[in-house]
Amino acid sequence: MAFPYTQIRRDLHRIPEPGFQEFKTQSYLLDYLSTLPSERFELKTWRTGILVKVKGLAPKRLIAWRADMDGLPIREETSYDFQSEHEGFMHACGHDMHMTMGLGILTHFVENPIADDLLFVFQPAEEGPGGALPMLSSEEFNEWRPDYIFACHIAPEYPVGTIALKEGILFANTSELFMDLKGLGGHAAYPHRANDMVVAASHLVTQLQSVVARNIDPLDSVVITVGKIEGGTKQNIIAENARLEGTIRTMSMESMAKVKGRIEALAKGIEAGFECKTAIDYGSNYCQVYNDPALTRDFMEWAREESDVQVIECKEAMTGEDFGYFLSEIPGFLFWLGADTPYGLHHSRIEPSERTMQVGINLVTQYLTWLSQQANQSA
Ligand SMILES: CC(=O)N[C@@H](CCC[C@H](N)C(=O)O)C(=O)O
């Protein structure tokens, strides 16, 4: 029977869940796995994630493919008739497709084993707080520690049938940023008897942008985005509290340290200038996605010669991915997979082309088969 990727993706699209709460998602994946011949694979759960080892015919290596599982706190506005059933949550970063492709690739190798064992990593909490790092140090993962690890991420800006990647750094270092401001509230008509945290927070947002513009070498790339501001209680009450929530992206850890140092100095300035208290929390931090140069080069060459996808050598992006933690210890790479939609990742209207999944499944099954043959020939 043909792998029902459209149905599976749509089922998963209906049930987006936040990081480490992917309970229905995990159980959906486990239900699907229970339909496959159990003698062909072993399975373990890790928190809300799943590890599946598909048996090879003469295994010398363990080659891993990783798919992320969580959704985002976005109210869906697509035209789909299979919209999210979880109010306020949406698969707006393609993880429904990543999981579906993971199952499709796994199913192929259950039915068509190759020499090597294959590990399928369904990883929770990519959007936050980060599932890769704790999974990487877990007993469950380390019992099945792979020799190579690979992943893809859908890319709205590339047409279906294209992939994009590069050797070395592909995605940025990230740090979440949460800043709380506490002043003195009061009556809107008596500003001189209060310390207004809406005004203080507004100054701080503007000053944060000056870190990028004035403290970082213009030839280096840094992003500071404040995605959420909260403050105050009512239109005629001076706000006692405000909170900024954002993210920092850098191409090096040195720039990250510098940016954080500048943010801390600016916070001190805001405290002095607005007679208030500030508190900073950096939440979760991801290391850069660094593609193993030799494996990436061989893959790009193989894909150009042997596959029917178009290969684009792209620039690095300021996106983050905790897959970077796997790549910091295990050779592999991540590539963008064209999904052709006018709305970007994290947009409430994103509608990636479902044909993308068939392209991804075909490409990855062919590549992993080739990789295993290559490695066995040279062993
Ligand atoms: C591919 C993608 O969009 N990843 C997320 C990762 C988020 C990391 C963390 N929660 C943060 O906001 O810093 C991204 O926003 O790039």
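Leaving aside its neighbours within four places in sequence, which residues is Phe335 in contact with? In this predicted model, Phe335 is in contact with Cys152, Ile163, Ala164 and Leu165.

**Two domains**
- The protein is divided into domain 1, which takes in 5-171 and 288-378, and domain 2, which covers 173-283.
- The centres of domain 1 and domain 2, taken over C-alpha atoms, are separated by 35 Å.
- Where the domains meet, 5 residues of domain 1 are in contact with 7 residues of domain 2.
- On the domain 1 side that touches domain 2, the residues divide into 2 nonpolar, 3 polar and no charged.

**An annotated stretch**
- An unreviewed UniProt entry annotates residues 181-268 as "domain: Peptidase M20 dimerisation".
- Over residues 181-268 the chain is 39% helix and 30% strand, with its end C-alpha atoms 11 Å apart.

**Around the ligand**
- The ligand is surrounded by 13 residues, of which the closest are Gly128, Thr174, Thr247, Thr319 and Gly320.
- By class, this shell has 7 polar, 3 nonpolar and 3 charged residues.
- Both domain 1 and domain 2 give residues to the shell, so the ligand lies between them.

Terms used. Residues are numbered from 1 along each chain as its sequence is written. This is a predicted model: local features need pLDDT of at least 70, side-chain atom pairs count only at pLDDT 80 or more; totals for chains, interfaces and linings use all residues. A residue is near a molecule or strand if its C-beta atom, placed from the backbone, lies within 6 Å of it. Ala, Val, Leu, Ile, Met, Phe, Trp, Tyr, Cys and Pro count as nonpolar, Asp, Glu, Lys and Arg as charged, and the others, Gly among them, as polar. Domain bounds come from an automatic or database domain assignment. Two residues are in contact if their C-beta atoms, placed from the backbone, lie within 7 Å. UniProt positions are given in the numbering used here, feature names are shortened, and annotations may be inferred rather than shown by experiment. Helices (H or I, at least four residues) and strands (E, at least two) are DSSP runs, numbered from the N terminus.
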